[in-house]
Amino acid sequence: MATENKNTVVLYFGSFNPFHIGHAALAKYVANLPYVEQVWFVLSPKNPLKESHNLQDPMERWKDLERVVAKLNLENDLSADKEEKFKACDIEFHLTPPLYTYNTLEKLSSLHPDKNFAILMGGDNIEILHKWHKGEEIARKYKIIVYPREGSDIEDLCKKYGAVCIDAPQINVSSSQIRQMQQEGEDVSSLRY
């Protein structure tokens, strides 16, 4: 799959419950790929694969994501004539559930026909892409950029789907780990972004 197109917008989907240093490291890595124009964080207000009682209020997560994006753009050393590299996207707040990735991609493509969208996913997700709603069609219609996850063997799947495998940094932290630590009264400030 061609990746030479300089105006690729990479969609980084997530609950970001909460956003952490691993999310930031991956986003920064992807933003610096030569064919990437922007990275859009697509906040999922309710993930059909996650228990909703573990999710912080969607509007609280949205406010936090806006803070994160402002910080990332500030760190990216923007000059006045340069477009922001990172953007928060609330499209899924305006779609009818269930919130399937395919439907979100199609809606964004119709709203932004000038953009060349790619989807960022972990190795664990490409392993189950065939189980996603229209997962095979996603692979045919959109670029897929895959980052390694511990325990995932993605090389053959990347070839099968024409996905781009990247050697992004792996930071061993998760949102669920941070939530657990917070419940136990531990300091998580070094893990949050």
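A residue counts as buried when its relative accessible area is under 20%. The model is predicted. By that cut-off, 7 of the 7 residues of strand S1 (residues 8-14) are buried, so S1 is largely enclosed by the rest of the structure.

**Strand S1 and its partners**
- Thr8, Val10, Tyr12 and Gly14 cover one side of S1 and Val9, Leu11 and Phe13 the other, and all are buried.
- S1 pairs with strand S2 (residues 36-43) in the parallel sense, over 7 bridges.
- Between S1 and S2 the chain passes through helix H1 (residues 21-31), and this β-α-β crossover is right-handed.
- Within S2, Val42 stands opposite Phe13.
- S1 also runs parallel to strand S4 (residues 116-122), joined by 5 bridges; Thr8 has Asn116 as its bridge partner there.

**Aromatic pairs**
- The structure holds 9 aromatic pairs.
- Phe41 and Phe86 are stacked, at 6.3 Å centre to centre with 20° between the planes.
- Phe41 belongs to strand S2 and Phe86 to strand S3 (residues 86-89), so their pair ties together parts 45 residues apart in sequence.
- Both Phe41 and Phe86 are buried.
- Trp62 and Phe93 have ring centres 6.0 Å apart and planes at 65°, so this pair is edge-to-face.
- Trp62 is buried at 12% relative accessible area, whereas Phe93, at 26%, is partly exposed.
- Ring pairs link Tyr12, Phe16, Phe19, Phe41, Phe86 and Tyr193 into a cluster.

**Charges over rings**
- The charged end of Lys71 sits over the ring of Tyr193, 4.3 Å from the ring centre.
- Lys87 lies over the face of Trp40, 4.0 Å from the ring centre.

Key:
Residues numbered from 1 in each chain as written. Predicted model: local features only at pLDDT ≥ 70, side-chain atom pairs only at ≥ 80, totals over all residues. Heavy atoms only, no water. Buried < 20%, exposed > 50% of the residue type's maximum accessible area, 1.4 Å probe, protein only. Helix = DSSP H or I, 4+ residues; strand = E, 2+ residues; numbered from the N terminus. Pairing = 2+ DSSP bridges. Right-handed = clockwise from strand over helix to strand, strands pointing away. Phe/Tyr/Trp six-rings, centres within 6.5 Å; stacked < 30°, edge-to-face > 60°. Lys NZ or Arg CZ within 6 Å of the ring centre and 35° of its normal.
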